[in-house]
Amino acid sequence: MGVIELCCNTASSASLFVDKPKPICPFSQRNRQSSRSKRGGLLSSISIMASSTVPASAAVNEKEDGKQGNCSLNISGDSFIRPHLRKLKPYQPILPFEVLSARLGRKPEDIVKLDANENPYGPPPEVFEALGAMKFPYIYPDPESRRLRAALAEDSGLESEHILVGCGADELIDLIMRCVLEPGDKIVDCPPTFTMYEFDAAVNGASVVKVPRKSDFSLDVERIAQVVAQEKPKCIFLTSPNNPDGSIIGDDALLKILDLPLLVVLDEAYIEFSGLESRMRWVKKHENLIVLRTFSKRAGLAGLRVGYGAFPLSIIEYLWRAKQPYNVSVAAEVSACAALKNSAYLEEVKVALVQERERLYKLLKEVPFLIPYPSYSNFILCEVTSGMDAKKLKEDLSKMGVMIRHYNNKELSGYVRVSVGKPEQTDALMKCLKCLF
Ligand SMILES: Cc1ncc(COP(=O)(O)O)c(C=O)c1O
């Protein structure tokens, strides 16, 4: 994968919004053909990650090199794979809970899992009742997720025709890219951030123009504007609160970026913990804004995979056409609807996590080798200092049954991220950390 250093000359920018497509109602009319210190130097440059390509002849060479092959046809299976995917680095997901449990030799309930920003309280009891009462699991689900979209309209104050539901926000990120990007198009990514944007861009054959965040993790809006003028990217992915540091994007910065000629995808996976209002309703005013949210964090439904997005009508039409018809399972839809019915529970759990975040922050500050960053989310990023190695810290804690997140990329190699758990999980983490100093 190539990295091209750029110098940022401002050039005139072409408008992407000259011919606005007419909004068409979904389905009814649609054609069903279908560190402060450590970070400064590393993050100060802009780079483009071109998606990897292997020439078609390479597959034949691999065959000749003695790799797998079919005797009668004399070809290797990977010659069928699209060239840019042949060198794709796989996404690094977390280990399944059972596998982790076997590896650590501990029962799942004895693992303090603070590595994936899951909601440790799980969903409200109504979700389990709804799952148990499911009558027609053998019938395909509603391709329009009507019940859930109606419930989300009530929850968000945005009409359901602006809302589309997916198999997690992750599916929607990929779906947006599939609808928007031609191979070779560019997206802007502002690391450190959620790595799914970069991964999905590579899957979709797009290049990633990186505009690193400043040392306080705020967006470098001026640089973003320069890059948009110079590189003409199709879209930008922004995260507020940002994963992994928990910082938020203010209205001023967002409005400046919305004034640029590109599609802005604002990922609000953690918005509930920020105390701020979602910008879902902004999609009615901004033709170039998409806002993504999820049930994984707010409702403890990460395992059931339900995300949703708010879209301008002129964009959502095409996502309806391109999405898999049965992308949201019956179980996912009934669970999300049941969760929304118990808003008191969702509020209670959110308040508990926000209070625990503040307690955890104060406790982490007392650890001599950690510098925690204030967070608006359900996790806290910590710089690992005083000669302590971040990777070893993660490994030592995991041997004691406490899982935290460590990063393999060079930008964040000296950092760990700790998800906010229940008070007893914080206590267990602190006990283990104390063994290390
Ligand atoms: C910023 C961000 N967006 C989206 C997601 C994925 O959400 P979902 O579970 O709905 O796919 C995550 C998951 O951790 C995330 O951190």
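Reader: I'm looking at strand E8, so which way do its residues point?
Author: In this predicted model, Leu263, Val265 and Asp267 point one way from E8, while Val264 and Leu266 point the other way, and all of them are buried.

Reader: Why is E8 described as largely enclosed?
Author: Strand E8 covers residues 263-267, and five of its five residues are buried, so the strand is largely enclosed by the rest of the structure.

Reader: How does the chain get from E7 to E8?
Author: The chain passes from E7 through helix H9, which spans residues 251-258, and then reaches E8, making a β-α-β crossover that is right-handed.

Reader: What about the loop between E7 and H9, what sits in there?
Author: Pro241 lies in that loop, and the peptide bond that joins Ser240 to Pro241 is cis, with omega at about -5 degrees.

Reader: Where else is there a cis bond?
Author: The peptide bond from Pro191 to Pro192 is cis as well, with omega near 0 degrees. Pro192 has its place in the loop between strand E5 (186-189) and helix H7 (196-203).

Reader: Switching to the ligand, how many residues surround it, and which are the closest?
Author: The ligand is surrounded by 14 residues, of which the closest are Ala169, Asp267, Tyr270, Thr294 and Ser296. Asp267 is also one of the buried residues of E8 that we began with.

Reader: What kinds of residues make up that shell?
Author: The shell around the ligand divides into five nonpolar, five polar and four charged residues.

Reader: Which polar atoms lie by the ligand's oxygen atoms?
Author: A polar side-chain atom of Arg305 lies 2.7 Å from an oxygen atom of the ligand, and an N or O atom in the side chain of Asn243 is 2.8 Å from a ligand oxygen. For Asp170 the atom concerned belongs to the backbone, a polar one that is 3.0 Å from an oxygen atom of the ligand.

Reader: How much of the ligand does the protein bury?
Author: Taken alone, the ligand exposes 400 Å², and the protein buries 92% of that.

Reader: Which elements give two or more residues to the shell?
Author: They are helix H6 (168-180) and helix H10 (295-298), and H6 gives the most, with three residues.

Reader: Back to Arg305, where is it, and is it buried or partly exposed?
Author: Arg305 has its place in the loop between H10 and strand E10 (307-310), and with a relative accessible area of 26% it is partly exposed. Its phi is near 65 degrees, which is a positive value in a residue other than glycine.

Reader: Where else is phi positive without a glycine?
Author: Lys232 has a positive phi of about 50 degrees although it is not a glycine. Lys232 lies in the loop between helix H8 (221-231) and E7, and at 42% relative accessibility it counts as partly exposed.

Reader: Last one, is Asn408 buried or exposed?
Author: Asn408 counts as exposed, at 56% relative accessibility, and it is found in the loop between strand E13 (402-406) and strand E14 (415-419).

Definitions and conventions. Residues are numbered from 1 along each chain as its sequence is written. This is a predicted model: local features need pLDDT of at least 70, side-chain atom pairs count only at pLDDT 80 or more; totals for chains, interfaces and linings use all residues. Side-chain values use heavy atoms; hydrogens and water are left out. A residue is near a molecule or strand if one of its heavy atoms lies within 4 Å of it. A polar contact is a pair of N or O atoms within 3.5 Å; within protein, one must be able to donate a hydrogen and the other to accept it, and residues adjacent in sequence count only if both atoms are side-chain atoms. Accessible areas come from the Shrake-Rupley method with a 1.4 Å probe; for residues, only the protein chains shown count as cover. Helices (H or I, at least four residues) and strands (E, at least two) are DSSP runs, numbered from the N terminus. Ala, Val, Leu, Ile, Met, Phe, Trp, Tyr, Cys and Pro count as nonpolar, Asp, Glu, Lys and Arg as charged, and the others, Gly among them, as polar. Buried means under 20% relative accessible area, exposed over 50%, partly exposed in between (1.4 Å probe, protein chains only). A crossover is right-handed if, with the strands pointing away from the viewer, the path from the first strand over the helix to the second runs clockwise.
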